[in-house]
Amino acid sequence: MLTLTTTEELATFCKRAASAPYVTVDTEFLRERTYYSKLCLIQLAIPGEAEEDAVLVDPLVSGMSFDPLYELFRNEAVVKVFHAARQDLEIFFIEGGVIPKPLFDTQVAAMVAGFGEQVGYETLVRKIAHAPLDKSSRFTDWSRRPLTDAQKTYALADVTHLRVIYEFLAAELDKSGRLDWVEEELGVLADPATYVVDPDEAWKRVKTRTNSGRFLSVVRELAKFREVYAQTRNIPRSRVIKDDALLELASTKPASYEDLNRSRLLLREARKGEIADGILNAVKIGMQTPAENQPKPDRSRDKMQVNPALADLLRVLLKAKSEQLGVAQKLIATSADLDEIAAGRREAKSLNGWRHKAFGKDALLLCEGRLALRANGQSVEVFEL
């Protein structure tokens, strides 16, 4: 197993990879104790059976530059292949400000090709590469050196089997004419905005059932403080304020250290010092926010007049189309999408792009009374009236 430990070695591999049709990529990282992922290992492979066609890159050695890799990522003649790419892409965007292009995610592709929802890598290895996969090293400490042979074997398998999976899925999608479906789905992953957390918008990630503008103003300011504090010190959000404690603070609205000490859920280290000061200041700002500047909860769904019978028919239609096409239901339309359509709205994601062809067109015909469903044994037939 070849491990690259210098910029020169990485550049040599990337130069060879620049002539390949694709390169498979994976990473190992730690995130339990930091806000940003700590990159511990990069795995790369190109088509071929030679030892140098699949390598490990050690990012923890001093003096290593990833510039050759970033240049390869920008090379649009080479497809960059990942499985469940979201976290890997975030690492490379944060580390180097680059998003690989063109991009192929085998998890997304597998959902389009009929392998179910959120299919795991191990399942694809078994079903497509017809190989076993030892996952015993999955949760080991990848920051420790030296890496064991078991760790290296596990890590390398994540990109060697990926070659077989990619070639199979790409051929299947080309045959079915659905490559553009996958490309459309990858638009979010290829968007830099996906990996940027705006502290002003952090409150939207906190689940709350309260619609009070004053309450939400305090939640917004507390979440903003937490995000900035965690980002600047590179520590997990939960080490600053956990969500349940944040909601408790928004409810009790502490105005002093004594008030903070009455909290049931706040971490001990957050009751004094910088965090305590930040909490009290955030609560104060939230409480002083004028009504016109307070967050406005989205109540649009509360006003929807959903036709329940039509919503049920749309669910039957979705199941029928999903089985007919071999595409995961959840990828085509969510339950919320179906309710929106049944309420007469036409902005649902499932009515646009490839989903319109797969489901949306028939969904609208059903709503207009121009399409019918009938049982045929264990399946459902769809036909126009």
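Colleague: Between which domains does the second largest pocket lie, and why?

Modeller: In general, a pocket is placed by asking which parts of the chain line it. In this predicted model, the lining of the second largest pocket takes residues from both domain 1 (2-194) and domain 3 (308-384), so the pocket lies between these two domains.

Colleague: What volume does the second largest pocket have, and which residues are closest to its centre?

Modeller: Its volume is about 450 Å³. The lining of this pocket counts 20 residues, and V108, Q118, E185, L331 and K349 are the closest to the centre. Two or more lining residues come from each of α4 (106-112), α7 (179-185) and α13 (329-332).

Colleague: How many residues of each class line the second largest pocket?

Modeller: Nine are nonpolar, three polar and eight charged.

Colleague: Now the largest pocket. What is its volume, and which residues lie nearest its centre?

Modeller: The largest pocket has a volume of about 770 Å³. Its lining is made of 27 residues, with T27, E28, F29, R138 and Y154 nearest the centre.

Colleague: Which element gives the most to the lining of the largest pocket?

Modeller: A lining can be read element by element. Here β2 gives the most, with six residues. At least two lining residues come from each of β2 (22-30), α3 (86-96), α5 (121-129) and α6 (149-176).

Colleague: And how do the residues of that lining divide by class?

Modeller: For the largest pocket, the lining has 11 charged, 10 nonpolar and six polar residues.

Definitions and conventions
Residues are numbered from 1 along each chain as its sequence is written. This is a predicted model: local features need pLDDT of at least 70, side-chain atom pairs count only at pLDDT 80 or more; totals for chains, interfaces and linings use all residues. Side-chain values use heavy atoms; hydrogens and water are left out. On a 1 Å grid over the protein atoms alone, a cavity is a set of points where a 1.4 Å probe fits but cannot get out, and a pocket is an open set with protein on both sides within 12 Å along at least five of seven lines; lining residues have an atom within 4 Å of a point. Grid points are joined across faces, edges and corners, and a volume is the space filled by probe spheres set on the points. Helices (H or I, at least four residues) and strands (E, at least two) are DSSP runs, numbered from the N terminus. Ala, Val, Leu, Ile, Met, Phe, Trp, Tyr, Cys and Pro count as nonpolar, Asp, Glu, Lys and Arg as charged, and the others, Gly among them, as polar. Domain bounds come from an automatic or database domain assignment.
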